[in-house]
Amino acid sequence: MDLLRLVLLFIHVLGFAALLGGLLVQLSASERSVNSLMRDGAGTAFLAGLLLVGVLESVGDPDHAKIGVKFAIGLVILVLVMANLRKPRIPDGLYYGLLALTVVNIAVAVFWSPAHAA
Ligand code: HEM
(Lines give C-alpha, C1' and ligand atoms only; values in the text may rest on other atoms or scores of the structure.)
Protein backbone atom coordinates (compact mmCIF):
# COMPACT_ATOMS: atom_id res chain seq x y z
CA MET A 1 0.00 0.00 0.00
CA ASP A 2 2.90 2.36 0.67
CA LEU A 3 4.09 1.87 -2.92
CA LEU A 4 0.63 2.95 -4.13
CA ARG A 5 0.79 6.00 -1.82
CA LEU A 6 4.20 6.92 -3.20
CA VAL A 7 3.10 6.46 -6.83
CA LEU A 8 0.03 8.66 -6.21
CA LEU A 9 2.17 11.24 -4.39
CA PHE A 10 4.56 11.22 -7.40
CA ILE A 11 1.63 11.85 -9.78
CA HIS A 12 0.23 14.45 -7.36
CA VAL A 13 3.52 16.37 -7.35
CA LEU A 14 3.77 16.21 -11.17
CA GLY A 15 0.22 17.57 -11.31
CA PHE A 16 0.68 20.66 -9.20
CA ALA A 17 4.15 21.22 -10.67
CA ALA A 18 2.48 21.44 -14.11
CA LEU A 19 -0.13 23.83 -12.68
CA LEU A 20 2.56 26.02 -11.11
CA GLY A 21 4.69 25.86 -14.26
CA GLY A 22 1.72 26.82 -16.44
CA LEU A 23 1.22 29.86 -14.22
CA LEU A 24 4.88 30.91 -13.86
CA VAL A 25 5.61 30.87 -17.60
CA GLN A 26 3.09 33.70 -17.90
CA LEU A 27 4.45 35.79 -15.00
CA SER A 28 5.94 38.50 -17.23
CA ALA A 29 3.36 38.16 -20.02
CA SER A 30 1.11 41.15 -20.79
CA GLU A 31 -1.84 38.89 -21.61
CA ARG A 32 -2.49 35.65 -19.70
CA SER A 33 -4.90 32.75 -20.16
CA VAL A 34 -5.60 29.27 -18.78
CA ASN A 35 -3.16 27.07 -20.71
CA SER A 36 -3.17 23.28 -21.06
CA LEU A 37 -0.46 22.89 -18.36
CA MET A 38 -2.76 24.61 -15.84
CA ARG A 39 -5.80 22.60 -16.96
CA ASP A 40 -4.10 19.18 -16.89
CA GLY A 41 -2.05 20.02 -13.78
CA ALA A 42 -5.01 21.18 -11.69
CA GLY A 43 -7.05 18.13 -12.74
CA THR A 44 -4.23 15.66 -12.09
CA ALA A 45 -3.30 17.18 -8.70
CA PHE A 46 -6.95 17.14 -7.59
CA LEU A 47 -7.67 13.56 -8.67
CA ALA A 48 -4.39 12.15 -7.34
CA GLY A 49 -4.96 14.08 -4.10
CA LEU A 50 -8.39 12.50 -3.63
CA LEU A 51 -6.96 9.03 -4.32
CA LEU A 52 -4.16 9.76 -1.83
CA VAL A 53 -6.77 10.51 0.82
CA GLY A 54 -8.40 7.17 0.08
CA VAL A 55 -5.09 5.36 0.57
CA LEU A 56 -4.31 7.27 3.78
CA GLU A 57 -7.78 6.49 5.17
CA SER A 58 -7.24 2.78 4.50
CA VAL A 59 -3.88 2.63 6.35
CA GLY A 60 -4.25 5.08 9.19
CA ASP A 61 -6.00 8.15 10.61
CA PRO A 62 -5.00 11.09 8.41
CA ASP A 63 -5.24 14.71 9.53
CA HIS A 64 -8.77 15.55 8.28
CA ALA A 65 -8.47 19.26 9.02
CA LYS A 66 -5.35 19.53 6.82
CA ILE A 67 -6.96 17.45 4.07
CA GLY A 68 -10.15 19.55 4.32
CA VAL A 69 -8.18 22.75 3.76
CA LYS A 70 -6.23 21.23 0.86
CA PHE A 71 -9.44 19.85 -0.68
CA ALA A 72 -11.19 23.23 -0.47
CA ILE A 73 -8.26 25.14 -1.97
CA GLY A 74 -7.74 22.45 -4.64
CA LEU A 75 -11.45 22.58 -5.57
CA VAL A 76 -11.46 26.39 -5.88
CA ILE A 77 -8.37 26.20 -8.14
CA LEU A 78 -9.96 23.46 -10.27
CA VAL A 79 -13.28 25.30 -10.67
CA LEU A 80 -11.58 28.61 -11.54
CA VAL A 81 -9.28 26.93 -14.06
CA MET A 82 -12.11 25.00 -15.75
CA ALA A 83 -14.50 27.98 -15.74
CA ASN A 84 -11.96 30.16 -17.56
CA LEU A 85 -10.59 27.56 -19.96
CA ARG A 86 -12.14 29.03 -23.12
CA LYS A 87 -11.47 32.71 -22.35
CA PRO A 88 -8.84 34.28 -24.67
CA ARG A 89 -7.40 36.08 -21.67
CA ILE A 90 -7.91 36.14 -17.88
CA PRO A 91 -7.80 39.23 -15.59
CA ASP A 92 -4.65 39.83 -13.52
CA GLY A 93 -6.65 39.34 -10.32
CA LEU A 94 -7.61 35.80 -11.33
CA TYR A 95 -4.04 35.01 -12.45
CA TYR A 96 -2.45 36.16 -9.17
CA GLY A 97 -5.30 34.51 -7.22
CA LEU A 98 -4.57 31.13 -8.82
CA LEU A 99 -0.83 31.58 -8.26
CA ALA A 100 -1.38 32.49 -4.58
CA LEU A 101 -3.80 29.57 -3.96
CA THR A 102 -1.35 27.10 -5.53
CA VAL A 103 1.55 28.39 -3.42
CA VAL A 104 -0.65 28.36 -0.29
CA ASN A 105 -1.60 24.70 -0.92
CA ILE A 106 2.07 23.76 -1.27
CA ALA A 107 2.79 25.58 2.01
CA VAL A 108 -0.11 23.82 3.75
CA ALA A 109 1.18 20.45 2.50
CA VAL A 110 4.77 21.09 3.57
CA PHE A 111 4.50 23.10 6.80
CA TRP A 112 1.36 21.56 8.34
CA SER A 113 2.38 18.23 9.99
CA PRO A 114 2.29 15.21 7.60
CA ALA A 115 -1.27 14.14 6.57
CA HIS A 116 -0.44 10.44 6.93
CA ALA A 117 -0.23 9.05 10.49
CA ALA A 118 3.46 8.40 11.50
C1 HEM B 1 -3.05 22.71 -6.34
C2 HEM B 1 -3.40 21.93 -5.41
C3 HEM B 1 -2.45 21.14 -4.53
C4 HEM B 1 -1.13 21.34 -4.23
C5 HEM B 1 -0.22 22.46 -4.71
C6 HEM B 1 -0.72 20.27 -3.34
C7 HEM B 1 0.57 20.12 -2.81
C8 HEM B 1 1.01 19.00 -2.12
C9 HEM B 1 2.39 18.75 -1.71
C10 HEM B 1 3.56 19.72 -1.89
C11 HEM B 1 2.40 17.53 -1.09
C12 HEM B 1 3.63 16.80 -0.52
C13 HEM B 1 3.78 17.16 0.91
C14 HEM B 1 4.63 16.19 1.67
O15 HEM B 1 4.71 15.04 1.28
O16 HEM B 1 5.17 16.62 2.68
C17 HEM B 1 1.04 17.05 -1.06
C18 HEM B 1 0.66 15.88 -0.44
C19 HEM B 1 -0.66 15.54 -0.27
N20 HEM B 1 -1.76 16.12 -0.85
FE21 HEM B 1 -1.77 17.76 -2.00
N22 HEM B 1 -1.78 19.44 -3.10
C23 HEM B 1 -2.86 19.94 -3.80
C24 HEM B 1 -4.15 19.47 -3.82
C25 HEM B 1 -4.58 18.42 -3.04
C26 HEM B 1 -5.96 17.98 -2.95
C27 HEM B 1 -7.15 18.59 -3.68
C28 HEM B 1 -5.98 16.94 -2.07
C29 HEM B 1 -7.18 16.10 -1.67
C30 HEM B 1 -8.02 16.41 -0.83
C31 HEM B 1 -4.59 16.72 -1.62
C32 HEM B 1 -4.20 15.74 -0.73
C33 HEM B 1 -2.88 15.47 -0.41
C34 HEM B 1 -2.49 14.39 0.49
C35 HEM B 1 -3.43 13.43 1.18
C36 HEM B 1 -1.10 14.46 0.59
C37 HEM B 1 -0.21 13.68 1.55
C38 HEM B 1 0.36 12.49 0.99
C39 HEM B 1 1.17 11.77 2.05
O40 HEM B 1 1.54 12.37 3.05
O41 HEM B 1 1.35 10.62 1.80
N42 HEM B 1 -3.77 17.63 -2.23
N43 HEM B 1 0.22 17.94 -1.71
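L47 counts as exposed, because its relative accessibility is 54%; exposed means over 50% relative accessible area, buried under 20%, and partly exposed in between, with a 1.4 Å probe and protein chains only. L47 sits in helix α2.

The model is predicted, so local features need pLDDT of at least 70 and side-chain atom pairs count only at pLDDT 80 or more, while totals for chains, interfaces and linings use all residues. Residues are numbered from 1 along each chain as its sequence is written, and side-chain values use heavy atoms, with hydrogens and water left out.

G49 also lies in helix α2. G49 counts as buried, because its relative accessibility is 16%. G49 and N35 are 14 residues apart in sequence, and their C-alpha atoms are 21 Å apart in space.

**Helix pairs**

Two packed helices are described by the angle between their axes and the distance between the axes. Axes here are lines fitted to C-alpha atoms, for helices over the stretch in contact, and angles run from 0 to 180 degrees between N-to-C directions. Helices are DSSP runs (H or I, at least four residues), numbered from the N terminus.

| Pair | Crossing angle | Axis distance |
|---|---|---|
| α1 (residues 2–24) and α2 (residues 36–59) | roughly 155° | within 7 Å |
| α3 and α4 (residues 92–111) | about 155° | 10 Å |

α3 is therefore roughly antiparallel to α4. That term covers angles over 145 degrees; under 35 is roughly parallel, 65 to 115 roughly perpendicular and the rest oblique. The crossing of α3 and α4 is left-handed: the near helix is turned anticlockwise from the far one by less than a right angle.

α1 and α2 are therefore roughly antiparallel to each other as well. Their crossing is left-handed. The residues of this contact comprise 17 nonpolar, seven polar and one charged. Nonpolar covers Ala, Val, Leu, Ile, Met, Phe, Trp, Tyr, Cys and Pro; charged covers Asp, Glu, Lys and Arg; the others, Gly among them, are polar.

**Helix α3**

α3 (residues 64–83) has 20 residues, which should span 28 Å at 1.5 Å a residue, and its end C-alpha atoms are 28 Å apart, in agreement. The expected span is 1.5 Å times one less than the number of residues. Its buried residues are K66, I67, I73, G74, I77, L78 and V81. They lie on the same side of α3, because they cover an arc of only 140° around the axis. The arc is that of the directions from the helix axis to the C-beta atoms.

Definitions and conventions:
Helix = DSSP H or I, 4+ residues; strand = E, 2+ residues; numbered from the N terminus.
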